Amino acid sequence: MAVCSAYTTQSLNSTCSISTPAKTHLGFHQKQVVFYRRSSKRGGSGSSSGPCVITCSAGDSQTVVIGLAADSGCGKSTFMRRLTSVFGGAAEPPKGGNPDSNTLISDMTTVICLDDYHSLDRTGRKEKGVTALDPRANDFDLMYEQVKAIKSGVAVDKPIYNHVTGLLDPPELIKPPKILVIEGLHPMFDERVRDLLDFSIYLDISNEVKFAWKIQRDMAERGHSLESIKASIEARKPDFDAYIDPQKKYADAVIEVLPTQLIPGDNEGKVLRVRLIMKEGVKHFSPVYLFDEGSTISWIPCGRKLTCSYPGIKFHYGPDTYFGNEVSILEMDGQFDRLDELIYVESHLSNISTKFYGEVTQQMLKHADFPGSNNGTGLFQTIVGLKIRDLYEQITSSKTAAPLEATKA
Amino acid sequence: MATLRLHSLTATSEKIPKSPFVPSSRVLSASFHCNEKRVSRRMTINAMGGGAKYKGTQMRKKQLSEMIEKKVTEAKEVCEGDETSDECRVAWDEVEEVSQAKANLRLRLEVEKKDPLESFCLENPETEECKVYDD
């Protein structure tokens, strides 16, 4: 929110100058721009020709907070990279700080890993017999206090959970960004934190796909075998089902990743069926649709105009209910093989909040070496990124509109 | 009398599994960017150890690999008695934590193509961790 006040002074010897913005040590940003206009008449004849001083202070515009629930640890987050890329710039760890920090910072966004709010380190959890999934291993009071502070423009000293040593390291300073993303296992677990979120996403990976991905992730490791990977998933399942999975019903958007239905009996998790489940009635968020909003559509883009290689691409769109909420579901099964398939699909989607034709395709190509770039995971993550940008712009413009309305009245 | 039978095998080249964790070098990237530059850069970096330039990163990779092995063994032992016990679940959760940490590091090196310690080492070049790793 920016407030500008104009003052006139009678000073005679003023010249044009612009003063630099002042910044306090707390990370509070106060921008004051002072313009001096040289008096056009010499000697000052008493008319309103004195220099005009305008002071504008853009005081702490509220941070937009996004929550992302995912069981994939922090720091990898392809999703985060796609999201920050939509806003421009690359996300990097804080410069010169703890090299094991989980935080990512770009021009517009800061991504914090909720593992940093572990109340118990690895040894502590072992002693108490709780997994990292258990709420008892996390300090939700601190999470709430700090997210609230950042949201209202106050910088915080956030702890660091070191995934290599398993210890809690000394805190790092987090300054309020324009967009704060909190990523981890429990962004929507605590009701108070949930209420601070402007938008929330849950990444729901089905068991078969999770198993296939973890095999690919871990098989190269010396200690692992098919049995150990399976055992690890099975052992974590009770806590996952009890504490993490129930968060899905609170999410504004769920990205569900399932095995493909295009290849019978496929269990390799290579071709994926991805569903973007979007809650209706969320402020500043209009769900993506195909052809005709609110109707049910089944669409195979491959045919006369577009040739696809096996197994092709299949889309589905339609309204539904999800845990008692009205939702719209956009689903993609299959994979992209060529650039023109991607642009063809993009041109038929509506409400994708792009700023120019082909923006989704361009974003996907920019990160063609990210996982999921040839299927629905990359596509929907990119689209959600664009929707978040749209949401951010709507929120910030509605905030600047409010004081203008007040002055008009 | 022994007979020698020659069987001809038709070689079928199987598609390389498209793991979400393995960067896909597909045609998609060809049109917008200069693909050759990226591929050759990637090849050079892989020769250098997959983007790991500093000793600290190599140490972390090694440490995490060893921890995975150690914790899998521990978990198997702990779970022998009771698979549903708290200790067993915590043990496998630790395995997951270090496996994920290792994978994250690997993915960062592959995707970002630069050492995660880069900015830290710019400011602290004298530390042990920031010695440049020689293969």
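**A sheet and a helix**

Let me begin with Glu256(A), which stands opposite Arg275(A) of β14(A). This is a predicted model, in which local features need pLDDT of at least 70, side-chain atom pairs count only at pLDDT 80 or more, and totals for chains, interfaces and linings use all residues. Residues are numbered from 1 along each chain as its sequence is written, chains are lettered from A and ligands numbered from 1 in the order in which they are written, and side-chain values use heavy atoms, with hydrogens and water left out.

Strands β13 (residues 253–259) and β14 (residues 272–279) of chain A pair in the antiparallel sense over seven bridges; strands pair if DSSP finds at least two bridges between them, and helices (H or I, at least four residues) and strands (E, at least two) are DSSP runs numbered from the N terminus.

In chain A, ten strands form an open, mixed sheet in the order β7-β8-β11-β6-β12-β13-β14-β18-β17-β16. Because β7 (104–105) and β16 (297–299) of chain A each have a single partner strand, one side of each is left without a neighbour in the sheet.

Turning to helix α3 (residues 140–151) of chain A, its twelve residues should span 16 Å at 1.5 Å a residue, and its end C-alpha atoms are 16 Å apart, which agrees; the expected span is 1.5 Å times one less than the number of residues. Just after α3(A), Gly153(A) takes a positive phi of about 95°.
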